[in-house]
Amino acid sequence: MSKICFAFLITVVLGTGLAFFQPATAQSDSVAVGRYFTPEAGVSLSKFLDQSFSSLRYQGPVFSGGAGFIFRKPQNFHQVDFLFDYGFLNNDRNNASLTQYQFSGNYTFNKYLRNVHFNLPIDVHWYVGGTLGGLWMLSNHDSFSNNAVINSFYLSLSPSSSLFYNFNLWNSDFTAHVSAFLPLITFAVRPAFGTPRFSGDLDDAHDLRGFLESGKIVSLNKFFRFNASYDLEYHLKNQNALRLRYMWNFYSFKQDDRLVQGASHTLTFSTMFGF
């Protein structure tokens with residue numbers, strides 16, 4: 001896994017440099033050009049560990065819902081995504097449970113780099129760029145009366161990459177889209193040990209300054225996150241589209257020998273409203 005992620009990182013960084021310092025030669029059909037509003041809903045299978053309050057691993061299905069905006073041009077695209085997860089995770093072996101709230105928001109800008117073929121008679125359009133991503137989590141351990149609520153926040157700057165493939169099937173237009181990002185620099189905020197409050201708030205100063213003082217700027221070796229999404233879009237005749245999306249998300253952060261890890265498989269369905 002580490003070798004694959006390292007190869008992805010090198011490929012995207014080099015590709016980003018090429019994309020921004022060489023002129024793009026995108027074709028008009030490189031992406032499904034247009035502007036879209038994308039509400040979505042589905043389900044996630046989540047796994048979670050936070051040693052700030054428990055050494056147990058929890059898992060279970062949770063509800064996922066969100067919305068976003070897509071602005072696509074032949075030579076680049078902008079995309080904003082928001083996703084909220086809510087549900088109950090369990091540890092069956094110890095009959096323990098927790099309530100999980102998770103909110104993620106990402107802004108992605110990718111620029112056309114080149115076409116790739118993978119030794120097949122197809123044109124796959126390769127885009128590279130960057131993603132600014134935020135991740136906030138709050139967990140409420142239902143069995144605890146003390147230190148039951150733990151929350152954390154991560155804001156990351158990541159290289160990102162996308163592949164688009166447009167094809168026609170049954171006289172209908174489809175787009176297959178694969179994207180991924182891997183954070184390089186992250187501002188991480190975690191609570192002080194033994195309390196749900198951030199360390200900068202221990203003096204009862206619940207303000208933005210206390211929140212910022214609680215955070216640390218860390219790199220890939222401290223906060224690791226890999227996010228990948230696989231989309232299939234069915235384009236309608238009225239400039240709208242239907243989208244089926246699968247997302248894989250994994251993150252890991254360790255502070256003061258307290259490990260937090262999470263992973264999720266998410267399947268959502270959305271209508272892409274053109275405007």
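**Entry 1: the whole chain.** I began with the surface: the accessible area of the chain comes to about 14,000 Å², and 62% of it belongs to carbon and sulfur atoms. I am working with a predicted model, so I keep in mind that local features need pLDDT of at least 70. I counted elements next and found 2 helices and 13 strands. Of the 275 residues in the chain, 49% are buried. I also checked the contacts between residues at least 6 apart in sequence, and 65% of them join residues at least 24 apart.

**Entry 2: strand S2 and its partners.** Which strands pair with S2? I found S3 (residues 57-72) joined to S2 (residues 40-50) by 10 bridges, running antiparallel. The two form a hairpin, with 6 residues between them.

**Entry 3: strand S5 and its partners.** I moved on to S5 and looked at S4 (residues 76-91), which runs antiparallel to S5 with 16 bridges joining them. Val 80 stands opposite Tyr 107 in S5. Their hairpin has 4 residues between the strands, and I marked Asn 95 there for its positive phi near 55°. S5 is joined to S6 as well, by 18 bridges and antiparallel. Thr 99 has Asn 140 in S6 as its bridge partner. Is S5 mostly covered or mostly open? I found it mostly covered, with 15 of its 21 residues buried.

**Entry 4: the nonpolar cores.** I looked for the largest nonpolar core and found 17 residues in it, of which Phe 48, Tyr 154, Tyr 251 and Phe 253 touch the most other members. The elements giving two or more residues to this core are S3, S5 (96-116), S6 (124-141), S7 (149-169) and S12 (241-255). Apart from this core lies another, of 5 residues, including Leu 113, Val 116, Val 124 and Val 128. I then listed what Tyr 154 touches beyond four places in sequence: among them are Gly 133, Leu 135, Met 137, Phe 187, Phe 223, Phe 253 and Val 260. A general reminder to myself: in soluble globular proteins, nonpolar side chains tend to be buried together.

**Entry 5: Phe 174.** I found Phe 174 in strand S8 (residues 172-181). Buried or exposed? Phe 174 counts as buried because its relative accessibility is 12%, and the cut-off for buried is under 20%. Leaving aside neighbours within four places in sequence, I noted its contacts with Tyr 165, Asn 166, Phe 167, Leu 169, Leu 232, Glu 233, Tyr 234 and His 235. I also checked Arg 243, which is 69 residues from Phe 174 in sequence and 9.7 Å away in space, C-alpha to C-alpha.

Entry 6: Which residues make the nonpolar surface patch of about 660 Å²? I wrote down Tyr 107, Leu 132, Leu 155, Leu 157, Leu 184, Ile 185 and Ile 217. I looked up Leu 184 in particular and found it in the loop between S8 and S9 (185-189). Leu 184 has a relative accessible area of 35%, so it is partly exposed.

Key: Residues are numbered from 1 along each chain as its sequence is written. This is a predicted model: local features need pLDDT of at least 70, side-chain atom pairs count only at pLDDT 80 or more; totals for chains, interfaces and linings use all residues. Side-chain values use heavy atoms; hydrogens and water are left out. Two strands pair if DSSP finds at least two bridges between them. Buried means under 20% relative accessible area, exposed over 50%, partly exposed in between (1.4 Å probe, protein chains only). Contact means heavy atoms within 4.5 Å. Patches are made of residues with over 30% relative accessible area and no salt bridge: like charges are joined within 9 Å, nonpolar side chains (Val, Leu, Ile, Met, Phe, Trp, Tyr) within 5 Å. Accessible areas come from the Shrake-Rupley method with a 1.4 Å probe; for residues, only the protein chains shown count as cover. A salt bridge is a side-chain nitrogen of Lys or Arg within 4 Å of a carboxyl oxygen of Asp or Glu. A nonpolar core is a set of buried Ala, Val, Leu, Ile, Met, Phe, Trp, Tyr and Cys residues joined through side-chain atoms within 4.5 Å.
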